Structures are given as structure tokens and as C-alpha cells.
Amino acid sequence: MARYNNYEQLQRLLAGCRALTEPAEAHGSLAGALCATDAYGLDDWLAEILPEGAAPEEAAPGVAGAGLRELYDQTREALSGTQMQFELLLPDDDQPLELRAAALTQWCNGFVYGLGSGGSRDPERLPGDAGEIVRDLAQIMRAGVDEREGVEANELALAELVEFVRVGVQVVFEELGALRHSPVPRPSGLQLH
């Protein structure tokens, strides 16, 4: 998936919209909800990440709205594609390790939240590999940089975690295919914070 230019640009875009979350968490929640239901639309996602009561067209007008729509469309397309092109929206590798590790934990938190907001009653109790992956993501939410290890070891560990999450999300998407296609009543009034 081609990124919406870059993490920092999306961060500025979300700040301009007064979004309630960081880009990694916002993207994670989008991916999680798209795994849970086909009925999750752009307006649903914007209602999750924008201030309460803000109409999507008012809070994300013009370029901002187009950028968020592009990210939504790219994420949906990458998840449903057959080429395994899905990528996590995280800071670039030239950013500090601590920032990237924190963004990964935010992404995982958003993903688990998105599964719930998309209709999965208890994401950690999903059947099969999907449930195991979600439980692993819950563990990754507590991950951090190990000060006892060198930079190289931490970089390698982070790269492995990112790849695990990327592939895991695609497995969850595939495994929830049958559930995603059935209409599920979604809770109303939830917001990601």
C-alpha cells in the first residue's frame, strides 16, 4: 500500500482536523474495523477520530478530507487485495526508535479498538488464528524499547514486530471474511481517544 505521503504529513493533516488520535492509532482503528465489517465506511471512521459532533465534511474539508478518503480507500484496497500490500502507517525508519516503538503500540491499540467498534464483541476471543493474533497484539501494546539491549537488537526486534503485525492483520482480515459479510449491529456513540 502506498502511504499517504508520510506519517508526519498525515499527523499535520489530522492535527488540522482536530483529530482525537495520532495517525498510527487512527490507522489501526481503521484497519481493525475494516477487518470486522464490510459496512464500515469513511464517515464511520471519521466519526471515531474527529471531535464529537463534528460533521466529517466540516472537520475534514477539502485537501484534508481528500487525504483521509485516500487513506481509507488505500487501506480497504490493500486489505482486500491478493498481493499482501497492506502496510502499517508508522513513522519512517529515520525517526527515533522510541517514537516508532510507541507508534506501533498505538497502532495495535487502535486495531483492537477498531475490531470492537466494527462489531466484534470481544476481539481477544475470536476463533482460530485470529483470536491468537489479537491476543498477541494486546501483548505488543505493552512493548517498549529494551534499554539493556543495543540499538541494533532493538531495531531488529521492532522490525520483526512490525512484520508480525502486518502479516497478522492480513490473516485476521481473511479469517473474519464470513463474519465481515454478515450484518452486525454496531454500537453507536463510540469514539476513539
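Predicted model: local features only at pLDDT ≥ 70, side-chain atom pairs only at ≥ 80, totals over all residues.
Residues are numbered from 1 along each chain as its sequence is written, and side-chain values use heavy atoms, with hydrogens and water left out. Local features need pLDDT of at least 70 and side-chain atom pairs count only at pLDDT 80 or more, while totals for chains, interfaces and linings use all residues.

R100 pairs with D93, the closest N and O atoms being 3.8 Å apart. R100 also meets E155 in a salt bridge (2.5 Å, N to O). This second pair links distant parts of the chain, with R100 in helix α6 (residues 97-117) and E155 in helix α8, 55 residues apart; helices here are DSSP runs (H or I, at least four residues), numbered from the N terminus. Together, D93, R100 and E155 are linked in a network of salt bridges. R100 is buried at 6% relative accessible area, D93 is exposed at 68%, and E155 is partly exposed at 30% (buried means under 20%, exposed over 50%, partly exposed in between, with a 1.4 Å probe and protein chains only).

The remaining salt bridge joins R166 to E163, with the closest N and O atoms 2.9 Å apart. Both residues lie in helix α8, 3 residues apart, about one turn of the helix. R166 is buried at 10%, whereas E163 is partly exposed at 37%.

Turning to Y7, this residue is found in helix α1 (residues 7-16) and is buried at 4%.

Methods: Helix = DSSP H or I, 4+ residues; strand = E, 2+ residues; numbered from the N terminus. Salt bridge = Lys/Arg side-chain N within 4 Å of Asp/Glu carboxyl O.
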